[in-house]
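User: I am new to this structure and would like to learn how its features get their labels. Could you walk me through them?

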Amino acid sequence: MAERKNTDFDRPGGYAMPKGATQVQRRAAAALAEADIRLYGDIATPHEPPVLDDLRPTHHATGPDTRVYVGDCRDVLANLPDRGSVDLIFADPPFNWDVPYEEWNDGMARAAYERFTFEWLDGCIDALTPTGALWVNIPDDTAAEIVVHLKRRGLTMINWCVWHFRFGQNRNSSFIMSKVHALYFAKDPDARTWNPDAVLEQSDRASIYRDPRTMAKGENKGMRVPMDVWYGKYWGRIQGNNKERRHNHHNQIPEVYLERVILACSDEGDLVLDPFLGSGTTVTVARAWNRRSIGIEYSQGNAASAWERITDVGMLRKGASVGGSSAIFDKRSGA
Ligand SMILES: C[S@@+](CC[C@H](N)C(=O)[O-])C[C@H]1O[C@@H](n2cnc3c(N)ncnc32)[C@H](O)[C@@H]1O
């Protein structure tokens with residue numbers, strides 16, 4: 001009997017999507033958004049953002065429009081003039097790991113931290129256009145709660161990516177941490193901006209095996225959309241003498257990570273926002289690729305340092321996330 005294939009091919013040479021799973025998930029998404037799902041953070045005292053009639057960026061440049069606001073992102077997002085028209089948000093929040101940020105207290109009680117998380121996520125959802133997308137960079141201990149909250153708010157998960165780095169902190173009490181989750185959600189999965197051709201990399205077939213069949217393809221010879229685990233030469237944590245490193249910033253993310261997200265999920269001229277600006281990676285990369293952008297940062301000192309990076313230093317590895325190979329092994333010879 002012929003095999004029945006339950007798959008859709010989303011583009012020539014692209015990945016097969018299981019039809020059943022996609023339909024089942026869409027039906028479930030609507031039901032989930034209406035269900036009364038409770039999470040621990042729901043019990044904590046809510047934060048009421050003040051009305052800020054005179055909200056102004058502390059730093060501003062044109063060509064393209066680039067702005068930094070200093071404040072609690074929950075307050076800035078609630079008062080932002082661009083509410084409802086942001087195309088892409090990338091958020092890398094404090095993880096509540098007692099990191100000595102310049103001003104922010106990174107050691108909240110768990111319920112308060114979850115509540116804070118839901119509140120800034122809600123602020124981001126309200127800031128997005130109906131076709132917008134939200135990426136969240138988050139470790140194991142809060143990924144599940146964020147996924148459930150975004151699903152109960154009616155967003156659709158497009159990918160659960162993993163950023164893998166090979167320079168974790170050594171320990172012997174459990175396996176060494178070598179990843180953070182990169183959660184990709186959209187308000188409308190069918191209307192989102194998605195540019196696969198802007199982020200192609202070499203397939204293993206091309207880079208390891210030099211397979212003539214892949215080189216003979218009509219388009220994108222030997223290239224494919226990256227897989228959902230991200231690693232490689234420029235993908236390590238930013239520390240030591242890495243040329244991207246900005247001193248006095250904790251948990252700086254590599255430029256290649258933001259480059260992949262911004263190229264895949266926005267177009268030139270679109271508006272990109274980062275509610276936890278830190279050293280300014282998102283806005284630096286957005287500006288280099290001609291996107292308008294907004295960064296929000298709690299600490300005045302961090303914002304000033306990020307601004308220097310955004311306007312004076314600029315992007316140092318433009319294009320490094322595109323066209324390479326993520327192959328792990330050489331061709332196997334023999335068995
Ligand atoms: C994990 S770091 C972001 C790092 C950034 N992705 C980078 O590549 O440099 C988090 C940043 O968020 C800031 N922050 C913490 N709480 C905030 C809040 N409620 N609103 C705005 N910024 C906040 C911290 O001061 C810190 O700079």
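User: Which residue is the bridge partner of H164 in β8?

Analyst: Happy to start there! This is a predicted model, and in it H164 has K179 of β8 as its bridge partner.

User: What makes β7 and β8 a pair?

Analyst: Two strands pair if there are at least two bridges between them. Eight bridges join β7 to β8, so the two strands count as a pair. They run antiparallel.

User: How many bridges join β6 to β8, and which residue in β8 is the partner of W135?

Analyst: Six bridges join β6 to β8, and these strands are antiparallel too. W135 has Y184 as its bridge partner in β8. As for cover, six of the eight residues of β8 (179-186) are buried.

User: Why is α7 called mostly covered?

Analyst: A residue is buried if 20 or more other C-beta atoms lie within 10 Å of its own. In α7 (residues 255-265), eleven of the eleven residues are buried, so each of them reaches that cut-off. Among them are Y257, R260 and I262.

User: What covers the buried residues of α7?

Analyst: The cover includes the strands β5, β6, β7, β11 and β12, along with helix α8.

User: Where does the largest share of the largest nonpolar core come from?

Analyst: That core has 63 residues, and I89, C124, L134, W135 and I262 have the most contacts inside it. Its largest share, eight residues, comes from α7.

User: How do you know which residues L134 is in contact with?

Analyst: Two residues are in contact if their C-beta atoms lie within 7 Å.

User: What do the buried residues of α9 pack against?

Analyst: They pack against β3, β4, α8 and β13. W307 and I310 are among these buried residues.

User: How many residues surround the ligand?

Analyst: There are 21, and the closest are D92, F276, G278, S279 and T281. The shell divides into nine nonpolar, eight polar and four charged residues.

Key: Residues numbered from 1 in each chain as written. Predicted model: local features only at pLDDT ≥ 70, side-chain atom pairs only at ≥ 80, totals over all residues. Buried ≥ 20, exposed ≤ 12 C-beta atoms within 10 Å, placed from the backbone. Helix = DSSP H or I, 4+ residues; strand = E, 2+ residues; numbered from the N terminus. Core = buried A, V, L, I, M, F, W, Y, C linked by C-beta atoms within 7 Å. Near = placed C-beta within 6 Å. Nonpolar A, V, L, I, M, F, W, Y, C, P; charged D, E, K, R; others polar.
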